[in-house]
Structure formats: structure tokens, C-alpha cells
Amino acid sequence: MQDKLNNLKQEALGKLSDVKDRQALRDLEIKYLGRKGGLTKILRGLADLSAEDKKSIGRMANEIKLELQNKFKEAGNIIEKSAGKGAFMDVTLPGKKIDRGHIHPITIVQNELEDLFVSMGFMILDGPELESDYYNFESLNFPEYHPARDTQDTFYIEIPNSNPPAGPPVGGLADKSQNLESRLVMRTHTSPVQIRAMRKYGAPLRCVAPGRVFRCEAIDACHEHTFDQMEGLMIDKDISLSNLIAVMKELLKGIFSRDMEVRVRPGYFPFVEPAVELDIKCTICKGKGCPSCKNSGWLELLPAGMVHPNVLRYGGIDPKEYSGFAFGLGLTRLAMMKYGIDDIRLFNSGDLKFLKQF
């Protein structure tokens with residue numbers, strides 16, 4: 001074993017004299033002194049030796065290891081010094097380009113909308129994505145077994161012994177908040193911010209609430225299970241549908257910088273009465289029909305209507321004194337129409353080729 005150790009030492013020193021760069025030095029050190037290197041393999045045979053031989057061979061191995069480590073260190077210092085000699089940096093050369101990030105197209109549209117609504121006196125509000133059943137459904141006039149929940153129910157989490165929300169509904173409505181506050185759901189719209197805003201700020205009130213929402217959707221070119229929405233709310237005395245239409249026209253003109261062809265049709269949403277749906281002519285197919293608009297030529301963009309009296313009561317506002325309108329704007333679909341994007345799935349794909357266009 002002594003001969004093996006001496007041979008390993010001489011072999012390592014011989015190869016060390018030929019090393020000219022850091023990587024080769026590192027590879028050579030691993031080959032001889034690494035955990036799976038030559039020295040380690042030789043020392044595995046110590047188990048077969050007597051106690052006296054183990055002691056003498058072990059001492060010899062440590063001396064050789066220490067000597068080799070010092071030689072490798074010296075060689076490393078020599079390589080470092082030689083690399084520094086004559087090194088030249090041309091400071092006149094152009095620097096290496098650092099790639100910059102890109103604002104997501106949905107964020108661009110959201111920022112433009114926020115500026116637009118702020119100019120009209122609206123507040124920009126936010127709310128939790130993990131919302132209570134009470135705020136997401138019950139207080140928005142979706143009773144517990146209402147069939148309209150079927151298109152929106154997503155992921156529930158049971159939280160026992162939770163406290164009910166502050167401020168009971170007014171006007172004699174049954175308060176189920178204690179039971180429903182213990183059930184959490186990934187919010188299916190940003191409309192729960194309506195109730196939170198009404199309870200915090202009262203009336204009159206103007207606000208919009210952008211954010212991400214989650215739905216039970218079969219994914220295709222115009223449907224996604226995770227998308228962005230903007231809820232809008234205006235409450236004051238003598239508010240009517242004419243106020244809603246005026247705001248919608250201002251919104252579309254501000255985003256598209258031109259007059260858009262729209263249609264308004266009756267709709268149904270539990271939290272507004274009466275309800276309307278504002279559609280715009282598809283900007284991708286110009287109304288001819290394509291997968292993005294389900295071959296109808298029109299894209300549903302702005303479900304809206306007058307706030308239901310029950311919702312005002314849940315928000316602590318007297319519907320006999322105040323009225324208001326609300327709308328739910330699909331930010332993702334608006335971005336599709338603004339930029340001519342024909343597949344909603346591209347927004348969450350993480351495709352840099354797609355994102356770098358904006």
C-alpha cells in the first residue's frame with residue numbers, strides 16, 4: 001500500500017506540472033483528492049491491515065495528502081498570477097446588453113383603465129382572491145342554492161370557528177354570515193369588493209376593483225379558468241341606466257381611441273336589476289365570426305346593470321334613498337380585442353415571444 005501511495009503522489013505531481021488553466025487544475029485535484037479520487041480508493045484498503053499498519057499507513061497518507069494540497073495551492077497561485085499579467089480590458093467596447101422585462105398586456109390595459117377611471121373620480125380598490133362564500137355569493141344576492149352559482153363555484157376551503165363579517169345587512173334580510181363566512185372560495189368575480197367598499201365608505205361611492213378571478217370553465221380560445229376582471233360601482237342619488245351607458249362609452253373610447261360598434265341586450269345577474277350585457281363587434285374577425293367570439297361576430301365584454309336593492313341592503317345602504325349601477329369588465333377579453341389576440345390561453349402561457357411584442 002505504501003507503493004500505491006508513492007505512485008499516486010508521483011503521478012499527481014507529474015501531471016500537475018503540465019496544468020495551465022484553472023479548470024484543468026480543478027479536475028486534477030478532484031481526480032486525486034476528491035471524495036471518489038485515487039487517494040480515497042487506496043485508503044479503503046486500510047480495513048484489511050493490522051492496527052499497527054493502519055497507524056503507519058494512515059500517517060503516510062495524511063502527509064501525502066497535505067503535500068499534494070499545498071502543491072495544488074501553489075499551482076493555483078501561479079495560474080492566477082499568469083492570468084493577471086498582460087490582461088487588458090478595452091473600456092471603449094460597447095457593454096453587454098441587459099434584457100429588460102415587459103409589462104404584461106393585461107397590466108397595460110389595467111393601468112390605462114385605472115387612469116381613465118381616476119380621471120372620472122373613481123377610487124381604485126382591491127380585495128382578497130381567497131374570498132368568503134358570504135361576500136362572494138350570499139351578500140351579492142346569490143342564495144345558497146341559487147342555480148346561478150353552478151357556473152361560478154370553484155374551490156372551497158372549510159375554515160371552522162371563523163368570525164362573521166363586520167356590519168349586519170339592513171332591511172330585515174336574514175343574516176347567514178356566520179355560517180357562510182367559515183367557507184372560503186377562490187373568488188369568481190371581483191364583485192365582493194362592492195360589499196366591502198359600501199360597508200367601509202358608505203354612499204355616495206365611485207370605485208373600480210381590478211384583479212384576478214377563478215371560474216369553472218372548459219378552456220378554449222375565449223374561455224380560461226383564471227383571468228382578470230374589473231368590477232365597477234357607482235352609488236348616489238338618482239343614478240340611472242343613462243349614467244351607466246355614459247360611463248361605458250367613455251371607457252371604450254378611452255381604451256380603443258375610436259368609436260366602437262356595440263350592442264346592448266337584456267341579461268340576468270342576481271346582483272343587478274335590470275341587467276344588460278354590452279357586446280362589442282369582434283376586432284379579430286370584424287364581425288364575420290371566429291373561435292375568439294364563438295363564431296357570433298360579437299364578444300360579451302361588459303355585463304352590467306342597476307345594483308339590486310338587496311345588495312345595497314347587504315352593504316348597509318338604504319335602497320329607498322340611493323341607487324347605483326355596477327359592471328363587470330373582462331380585462332383579459334378587452335386586451336384580446338385591443339391587441340387582436342385570437343386565443344385567451346396565450347396570456348398565461350409564459351411565452352416570451354408573445355410577451356415581448358408589448
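First, the ground rules. The model is predicted, so local features need pLDDT of at least 70, side-chain atom pairs count only at pLDDT 80 or more, and totals for chains, interfaces and linings use all residues. Residues are numbered from 1 along each chain as its sequence is written, and side-chain values use heavy atoms, with hydrogens and water left out.

Now the overall picture. The secondary structure comes to 12 helices and 10 strands. These are DSSP runs numbered from the N terminus: helices are H or I with at least four residues, strands are E with at least two. The protein has 358 residues, and 46% of them count as buried. Buried means under 20% relative accessible area, exposed means over 50%, and partly exposed lies in between, with a 1.4 Å probe and protein chains only.

Contacts next. A contact is heavy atoms within 4.5 Å. Take the contacts between residues at least 6 apart in sequence: 71% join residues at least 24 apart.

Is K9 buried or exposed? K9 counts as buried, because its relative accessibility is 18%. Leaving out residues up to four places away in sequence, K9 touches I64, E67 and L68.

On to the sheet. It is open, with 7 strands in the order β1-β5-β6-β10-β9-β8-β7, and the pairing is mixed. β1 (123–124) and β7 stand at the edges with a single partner strand each, so one side of each has no neighbour in the sheet. Two strands pair if DSSP finds at least two bridges between them.

Look at β10. Of its 8 residues, 7 are buried, so β10 is largely enclosed by the rest of the structure. β6 and β10 pair in the antiparallel sense over 8 bridges. Within that pairing, F327 in β10 is the bridge partner of G232. β9 and β10 are also antiparallel, over 3 bridges. Here G305 has A326 of β10 as its bridge partner, and M306 stands opposite F325 in β10.

Now the pockets. Rolling a probe the size of a water molecule over the atoms shows where empty space is left. The work is done on a 1 Å grid over the protein atoms alone: a cavity is a set of points where a 1.4 Å probe fits but cannot get out, a pocket is an open set with protein on both sides within 12 Å along at least five of seven lines, and lining residues have an atom within 4 Å of a point. Grid points are joined across faces, edges and corners, and a volume is the space filled by probe spheres set on the points.

The largest pocket has a volume of about 880 Å³. Its lining has 42 residues, and R215, F269, E300, P303 and R333 lie nearest the centre. Which strand gives the most to this lining? β9 does, with 6 residues.

The second largest pocket holds about 250 Å³. It is lined by 16 residues, with I245, M248, K249, V262 and L278 closest to its centre. Helix α9 (241–256) supplies the largest share, 7 residues.
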